Amino acid sequence: MGNPEVRPSLPVVGGTGTAGAVAKQPDGSRVFLTTKLEKLLDAARKNSLWPLPFGTACCAIEFMSFMMSHYDISRFGAEVVRFSPRQSDLLIVAGTVTDKMAPVMVRIYEQMAEPKYVISMGVCACTGGFYRAYHVVQGIDEFIPVDVYVPGCPPTPEALLQGVVKLQEMISNGETRYQRALAAKRASQAQAGG
Ligand code: SF4
């Protein structure tokens, strides 16, 4: 793996104990790791994002560049593009969304299983862009929750790449919409139980 930033950020504990030991070091000490199941799952999710491109306009062309070998998104574990919402966990909305297309976008989002993430690519998806018109959605977050906004018209493939890396950081830190909603739900349940 080339980029150390994409390695799972699991808490690694070195020691001489035997419980949980997984490797013996040259000096005789053993290295083991402890973590929570949730952290382990987040590390797996972060490094195996399966994007579904919802490309409606010119931003989708930049998305195609982003997927090509020059940018090599497989370095980040996100190269497995799926056109089935049931097999995807990252919706990338790339392009202008009209009122007619909004229900389609919402249907696709709803068919994706949790945990799922959304990247809004380009000013059209983020805010409607320069289409201040009655038939254009003035930001997809009017209809679906967005985790990362990538600005630009069009955003460069590098910008989208940065958006994916940002999302990975958020998954590691428990900052995605899904993780925050889950944490809030658990906190309210604990409060009700206590
Ligand atoms: S943000 Fe610019 S490049 Fe992207 S869909 Fe809108 S007009 Fe096209």
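How many helices and strands does the protein have? In this predicted model, the protein has six helices and seven strands.

Figure 1. The order of elements along the sequence is β-β-β-α-β-α-β-α-β-α-β-α-α. The protein comprises 194 residues, of which 28% count as buried. Where contacts join residues at least 6 apart in sequence, 71% of them link residues at least 24 apart.

**Figure 2. Packing of helix α2 against helix α5.** Two packed helices are described by the angle between their axes and by the distance between the axes. Helix α2 covers residues 59–67 and helix α5 covers residues 157–173. Their axes are 9 Å apart and meet at an angle of about 70°. Because angles of 65 to 115 degrees count as roughly perpendicular, α2 is described as roughly perpendicular to α5. From α2, the contact is made by Glu-62, Phe-63, Ser-65 and Phe-66, and from α5 by Pro-157, Leu-160 and Leu-161. The contact of α2 with α5 contains five nonpolar residues, one polar residue and one charged residue.

**Figure 3. Packing of helix α1 against helix α5.** Helix α1, formed by residues 37–46, packs on α5 at an angle of about 170°, and the two axes lie 9 Å apart. Angles over 145 degrees count as roughly antiparallel, and α1 and α5 are therefore roughly antiparallel to each other. Asp-42, Arg-45 and Lys-46 of α1 make the contact with Gln-168, Ile-171 and Ser-172 of α5. By class, the contact of α1 with α5 has three charged, two polar and one nonpolar residues.

**Figure 4. The shell of residues around the ligand.** By class, the shell holds seven nonpolar and four polar residues, and no charged residue.

**Figure 5. Cis peptide bonds at Pro-154 and Pro-115.** Cys-153 and Pro-154 are joined by a cis peptide bond with omega of about -10°.

Figure 6. Asp-72 is placed in the loop between α2 and β5, the latter spanning residues 90–94.

**Figure 7. Span and exposure of helix α6.** Helix α6 consists of 17 residues, 177–193. At 1.5 Å a residue, α6 should span 24 Å, and its end C-alpha atoms are 24 Å apart, which agrees with that expectation. How many of the 17 residues of α6 are buried? The count is zero, and α6 is hardly covered.

Methods. Residues are numbered from 1 along each chain as its sequence is written. This is a predicted model: local features need pLDDT of at least 70, side-chain atom pairs count only at pLDDT 80 or more; totals for chains, interfaces and linings use all residues. Helices (H or I, at least four residues) and strands (E, at least two) are DSSP runs, numbered from the N terminus. The expected span of a helix is 1.5 Å times one less than its number of residues. A residue is buried if 20 or more other C-beta atoms lie within 10 Å of its own, exposed if 12 or fewer, and partly exposed in between; C-beta atoms are placed from the backbone. Two residues are in contact if their C-beta atoms, placed from the backbone, lie within 7 Å. Axes are lines fitted to C-alpha atoms, for helices over the stretch in contact, and angles run from 0 to 180 degrees between N-to-C directions. Angles under 35 degrees count as roughly parallel, over 145 as roughly antiparallel, 65 to 115 as roughly perpendicular and the rest as oblique. Ala, Val, Leu, Ile, Met, Phe, Trp, Tyr, Cys and Pro count as nonpolar, Asp, Glu, Lys and Arg as charged, and the others, Gly among them, as polar. A residue is near a molecule or strand if its C-beta atom, placed from the backbone, lies within 6 Å of it.
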